[in-house]
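Student: Hi! Could you walk me through this one? I have never looked at it before.
Tutor: Happy to. Let's bring it up and start with a single strand.

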Amino acid sequence: MNPVVRDNTPVLRPGFRLQWEPVQNSHVLLYPEGMVKLNESAAEVLLLVDGKRPVADIIDTLTDKFPNVPGLDEDVLAFIEVAHAQHWLHIR
Amino acid sequence: MLNTGSISAEQGPPLWLLAELTYRCPLQCPYCSNPLEFANHKGELSTAQWIDVFTQARALGAAQLGFSGGEPLVREDLAELIGAARELGFYTNLITSGMGLTEAKIEAFREAGLDHIQISFQASDAEINNMLAGSRKAFEQKLAMARAVKAAGYPMVLNFVTHRHNIDQIDRIIELCVALEADFVELATCQYYGWAHLNRAGLLPTKAQLDHAEQVTNEWREKLAEQGNPCKLILVTPDYYEERPKGCMNGWGNIFLTITPDGTALPCHSARQLPVSFPSVTEHSLSHIWYDSFGFNRFRGYDWMSEPCRSCDEKEKDFGGCRCQAYLLTGDATQADPVCSKSPHHHKILQARAEAEQPQPGIEELTFRNERTSRIICKV
């Protein structure tokens with residue numbers, strides 16, 4: 001599988017849904033017969049995955065929101081790569 | 001929170017709700033997970049009662065909802081139930097044999113907000129499929145509907161129940177699923193409860209058959225990964241070939257909640273056969289049922305255990321295995337699951353494995369799941 005680059009535009013795989021669950025106090029990713037409880041940083045990234053924003057925009061948006069987090073761009077790329085490998089999202 | 005009982009102080013919410021809408025089904029699979037005495041349970045919750053159940057379950061925290069049965073398509077209010085559940089925020093899964101499904105229904109469910117459709121197959125070719133399903137036109141209908149489900153844009157799970165009569169075809173089964181563009185393929189060997197337990201000798205594959213199936217599945221996994229094909233193969237092997245039991249349902253009353261057609265609430269879809277009294281949604285709130293009822297607390301925690309589980313250092317991993325299997329094989333639901341090699345009843349598992357190595361009855365000699373047989377087996 002090719003590495004994810006900043007020009008790529010991720011989109012959630014059809015049938016996958018990101019949702020806030022008050023009882024679990026977290027975002028979850030729902031898919032056929034399954035559910036992944038997301039930590040806060042994973043949720044922050046996936047909330048920006050809309051099939052329009054390229055990875056570079058997602059990194060910029062999160063850098064503006066969390067200016068004091070070192071290595072944020074690497075973390076975002078690494079997470080999107082993992083999510084892609086898990087087939088949670090497609091890359092365009 | 002809603003916790004009131006002693007154990008429930010630590011008990012999390014139900015996350016998965018399985019709504020068995022009906023025991024009615026046009027097929028007669030000899031490994032059906034419905035109770036043997038299903039014909040004695042004719043009652044079905046009304047549309048309003050089901051929606052009330054969904055509303056309560058969602059408030060407790062359930063996020064996944066499976067519409068199952070029997071065949072859920074025989075409920076004429078299915079689209080309405082899907083719509084209500086989706087509105088509440090559930091991820092909605094339709095678990096169907098595909099019998100009775102039409103393109104018009106697929107579209108109506110889509111409009112109601114259905115998230116996913118799972119179609120079950122009995123084998124990869126028409127003859128064996130139809131024989132097992134007890135229906136001549138089943139296979140063609142299933143194929144047509146699988147194609148229609150994908151064409152409508154749904155994610156699709158294909159479920160093949162495997163056993164000694166079809167597991168050797170696993171290569172063709174996977175090939176068919178990939179050709180149908182399944183997103184997930186469940187290659188689930190029978191779990192020996194209910195009808196499958198009744199027919200166990202005629203269903204349990206040999207060790208060699210199982211090893212072959214695992215090898216073929218792994219080869220397909222490599223091939224799919226090389227192609228970047230997202231299709232995921234899930235091979236569920238029978239625990240009869242394990243030395244340690246499965247952590248059944250992730251623990252009793254831990255995350256799963258099943259509601260049967262008549263409103264009886266169960267911690268798993270097999271539990272109805274246990275000599276435990278289970279509460280009904282027609283008499284109690286789901287909150288009471290989940291956190292406080294006797295039935296749901298019966299095997300929570302570790303205090304109910306006897307030896308060898310009680311002092312076992314693996315009890316937090318497997319919870320002593322499956323309560324239904326312990327009861328079916330030993331007559332005592334507090335025993336260790338006999339799958340465990342530490343169980344004094346493990347020889348029953350070894351005996352079943354030895355039986356599997358012997359010639360067994362053909363498909364036509366299995367006991368098929370239908371109302372008449374159900375009434376004969378379970379006279380009231």
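**A strand and its sheet**

Tutor: In chain B, 5 of the 6 residues of strand S6 (residues 184-189) are buried, so-called mostly covered. A residue is buried if 20 or more other C-beta atoms lie within 10 Å of its own, exposed if 12 or fewer, and partly exposed in between, with C-beta atoms placed from the backbone. Strands (E, at least two residues) and helices (H or I, at least four) are DSSP runs, numbered from the N terminus. This is a predicted model, where local features need pLDDT of at least 70, side-chain atom pairs count only at pLDDT 80 or more, and totals for chains, interfaces and linings use all residues. Residues are numbered from 1 along each chain as its sequence is written, while chains are lettered from A and ligands numbered from 1 in the order in which they are written.

Student: Which strand pairs with S6(B) in the parallel sense over 6 bridges?
Tutor: That is strand S5 (residues 156-162) of chain B. Two strands pair if DSSP finds at least two bridges between them. Here B:Asn159 stands opposite B:Glu186 in S6(B).

Student: What is the strand order in the open sheet of chain B?
Tutor: The sheet has 9 strands with mixed pairing, in the order S7-S6-S5-S4-S3-S2-S1-S8-S9. Strands S7 (232-236) and S9 (265-266) of chain B are at the edges with a single partner strand each, so one side of each has no neighbour in the sheet.

Student: And is S3 of chain B buried or exposed?
Tutor: Strand S3 (residues 91-96) of chain B has 6 of its 6 residues buried. B:Tyr91, B:Asn93 and B:Ile95 point one way, and B:Thr92, B:Leu94 and B:Thr96 the other way. S3(B) runs parallel to strand S2 (residues 64-68) of chain B, joined by 4 bridges, and B:Gln64 stands opposite B:Tyr91.

Student: New topic: what is in the largest nonpolar core?
Tutor: That core has 132 residues, and B:Ala62, B:Leu158 and B:Leu257 have the most contacts inside it. A nonpolar core is a set of buried Ala, Val, Leu, Ile, Met, Phe, Trp, Tyr and Cys residues joined through C-beta atoms within 7 Å.

Student: What does B:Leu158 touch?
Tutor: Not counting residues up to four places away in sequence, B:Leu158 touches several residues, including B:Ile119, B:Phe121 and B:Val185. Contact means that the C-beta atoms, placed from the backbone, lie within 7 Å.

Student: How many residues of chain B are in contact with chain A?
Tutor: 18 residues of chain B are in contact with 14 residues of chain A. On the chain A side, A:Gly15 is in the loop between strand S1 (10-12) and strand S2 (17-21) of chain A. Leaving out residues up to four places away in sequence, A:Gly15 touches A:Tyr31 and A:Pro32, along with residues of chain B, among them B:Asp115 and B:His116.

Student: Why does A:Gly15 count as partly exposed?
Tutor: Because A:Gly15 has 19 other C-beta atoms within 10 Å.

Student: What confidence does the predictor give?
Tutor: For the complex, ipTM is 0.92 and pTM is 0.92. Over residues 1-8 of chain B, though, the pLDDT is below 50. Where pLDDT is low, the predicted coordinates should not be read in detail.

How values were computed. Contact = placed C-beta atoms within 7 Å. pLDDT = per-residue confidence, 0-100.
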